[in-house]
Amino acid sequence: MKVLFLSPDYPAEMRGFTRGLAEVGAQVIGVGDRPRDQLSPDVRDHLAAYLQVQSIVDEQRVMAQILPELHKIGGVDRVETLWEPLVMLAARLREQLGAPGMGTEQAIGFRDKSVMKDRVRKAGLRVPKFAQVSSASAALAAARTIGYPVVIKPIAGAGTADTHGVRSEGELRAVLETIGHVQTASVEEYIDGEEFTYDAVSIAGKPVFESVAQYHPRPLESRNNEWISPAQIVLRDPYIAAVAGGVELGRGVLRALGMDTGFTHMEWFKKSNGEVVFGEIAARSPGAKLVDQMNYANDFDIYREWARSVCWQHFEATAARRYHVATVFKRAKGRGRISGVEGMSALRRLCGPRLVEEAILPIGHPRRNWRQTLLSDGYVVMRDPDYSQCLEMMQAAVSGVQIFAE
Ligand SMILES: Nc1ncnc2c1ncn2[C@@H]1O[C@H](COP(=O)(O)OP(=O)(O)O)[C@@H](O)[C@H]1O
Ligand SMILES: [Mg+2]
């Protein structure tokens, strides 16, 4: 089983998936733009081969560079990636190499937000009203038709970069000035409600593991307000009435988009009247600790089970569904370098062994760019079988832990 794995070392959680592939018996051929000797040692140890390319996001050049190499070794059995910018490249390579899995026609439904929503809506599922626009005047006209408030975002976005909620034409005009670099954008009906994920590992289109998480607060707010500590809770068990509509929507979306085998990460809204609305979906694992949270919730190794699913069409582990798991990301107050941390001792006392991970930047470390990385200046992960206990720990970390910089 030869698996071509694009970007085996970045983002950080890819290291776990590289390990998983090797552990289920795959010969992993990594492709990336870091020199081999700069890969993290645990990735290097799990690679059978590594093809270094000039720029991993330059599709044409990557294809030109690696296809001859791959033909020389008789092709590969699978082409995988779990990093959003490479989803189309992986699909193209599958087509070129005759490897099974999603081709470009399916993959585009997970990448282009307008194609995505068209396909989901045509399947009879609820999506926000939207229009694809490529000029400021078209954006203004679309917003007038849809009605304020609206959301405007790039077509191929990730991580809430350049996504804005606007309440009036004046606000929209101001935003349009700042996003001149975005070629095509989506203008959408603003959905007011709670926001959740529906994450799944599927085999031949059938979800074999499902997980639901809730964002506290919604990413649109936490990504635009530095003072907020973004938090998220992976629910112990997604098969509860409160999120049943989201799970059902998720399954419908996977069918509508022709999901094959692998990880997907969907976001959805629940309005105060209970209505469930589609947000977006990606053909990859979720970022920002959600994969680890699934492991903490279930006491299994989802990295390896994803690998087993893509290599052998088999998901072996049983999800224990034992804990609700919260992650809280902390942003320092002030600029420059970390100068102090408060509240960790109290949090440790409150949580005891339920605090399963803490990773606050050390004193003296430069602050991270909070707009670019959700990991921010540190995070804590906590778990408890009881939801209200988990919520209490989450709130304690949100309000009681403070990082300072100067
Ligand atoms: N139609 C909408 N109504 C309300 N909020 C939205 C809408 N679309 C996006 N958002 C908010 O913006 C965030 C980012 O949008 P999303 O479509 O997920 O883009 P990205 O690819 O950047 O994650 C969402 O998590 C949600 O909080
Ligand atoms: Mg999103």
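Colleague: At what angle do helix H13 and helix H14 pack, and how far apart are their axes?

Modeller: This is a predicted model. In it, helix H13 (residues 344–351) packs on helix H14 (residues 387–400) at an angle of about 175 degrees, and the axes are 10 Å apart. An angle over 145 degrees counts as roughly antiparallel, so H13 and H14 are roughly antiparallel to each other.

Colleague: Which residues make that contact?

Modeller: H13 contributes Ala346, Leu347, Leu350 and Cys351, while H14 contributes Met393, Ala396, Ala397 and Gly400. By class, seven of the residues in the contact of H13 with H14 are nonpolar, one is polar and none is charged.

Colleague: What about helix H4 and H5: at what angle do they cross?

Modeller: The axes of helix H4 (residues 87–97) and H5 cross at roughly 175 degrees and come within 9 Å. That makes H4 roughly antiparallel to H5.

Colleague: Which residues meet there?

Modeller: From H4, Val87, Met88, Ala91, Arg92 and Glu95 meet Thr104, Ala107, Phe110 and Arg111 of H5. The contact of H4 with H5 has five nonpolar residues, one polar and three charged.

Colleague: And how are H1 and H12 arranged, at what angle?

Modeller: Helix H1 (residues 14–23) and helix H12 (residues 302–312) pack at about 55 degrees, with their axes 7 Å apart. H1 and H12 are therefore oblique to each other, and their crossing is right-handed. On the H1 side the residues are Gly16, Phe17, Arg19, Gly20, Leu21 and Glu23; on the H12 side they are Tyr303, Arg304, Trp306, Ala307 and Cys311. In that contact six residues are nonpolar, two are polar and three are charged.

Colleague: Turning to H10, which of its residues are buried?

Modeller: The buried residues of H10 are Val243, Gly246, Val247, Leu249, Gly250, Val253, Leu254, Ala256 and Leu257. What covers them includes helices H5 and H6 and strands E9, E10, E12 and E13.

Colleague: How does the length of H10 agree with what its residues should span?

Modeller: Helix H10 (residues 241–257) has 17 residues, which at 1.5 Å a residue should span 24 Å; the end C-alpha atoms are 25 Å apart, which agrees. Just after H10, Gly258 has a positive phi of about 70 degrees.

Colleague: Which residues other than glycine have a positive phi?

Modeller: Among them are Ser7, with phi near 60 degrees, and Gln313, with phi of about 50 degrees. Ser7 lies in the loop between strand E1 and H1, and Gln313 is in the loop between H12 and strand E14.

Colleague: Is each of those two buried or exposed?

Modeller: Ser7 counts as buried because 23 C-beta neighbours lie inside 10 Å. Gln313 is exposed, with 12 other C-beta atoms within 10 Å.

Colleague: Where are cis peptide bonds found?

Modeller: One joins Tyr148 and Pro149, with omega about 0 degrees; Pro149 is in the loop between helix H7 and strand E6. Another runs from His216 to Pro217, with omega near -10 degrees, and Pro217 is in the loop between E10 and helix H9.

Colleague: Last one: what is Ile233 in contact with?

Modeller: Apart from neighbours within four places in sequence, Ile233 is in contact with Ala213, Gln214, His216, His324, Val325, Ala326, Cys390 and Met394. Ile233 belongs to strand E11 (residues 231–234) and counts as buried, because it has 25 C-beta neighbours inside 10 Å.

Note on methods. Residues are numbered from 1 along each chain as its sequence is written. Chains are lettered from A and ligands numbered from 1 in the order in which they are written. This is a predicted model: local features need pLDDT of at least 70, side-chain atom pairs count only at pLDDT 80 or more; totals for chains, interfaces and linings use all residues. Axes are lines fitted to C-alpha atoms, for helices over the stretch in contact, and angles run from 0 to 180 degrees between N-to-C directions. Helices (H or I, at least four residues) and strands (E, at least two) are DSSP runs, numbered from the N terminus. Angles under 35 degrees count as roughly parallel, over 145 as roughly antiparallel, 65 to 115 as roughly perpendicular and the rest as oblique. A crossing is left-handed if the near helix is turned anticlockwise from the far one by less than a right angle, and right-handed if clockwise. Two residues are in contact if their C-beta atoms, placed from the backbone, lie within 7 Å. Ala, Val, Leu, Ile, Met, Phe, Trp, Tyr, Cys and Pro count as nonpolar, Asp, Glu, Lys and Arg as charged, and the others, Gly among them, as polar. The expected span of a helix is 1.5 Å times one less than its number of residues. A residue is buried if 20 or more other C-beta atoms lie within 10 Å of its own, exposed if 12 or fewer, and partly exposed in between; C-beta atoms are placed from the backbone.
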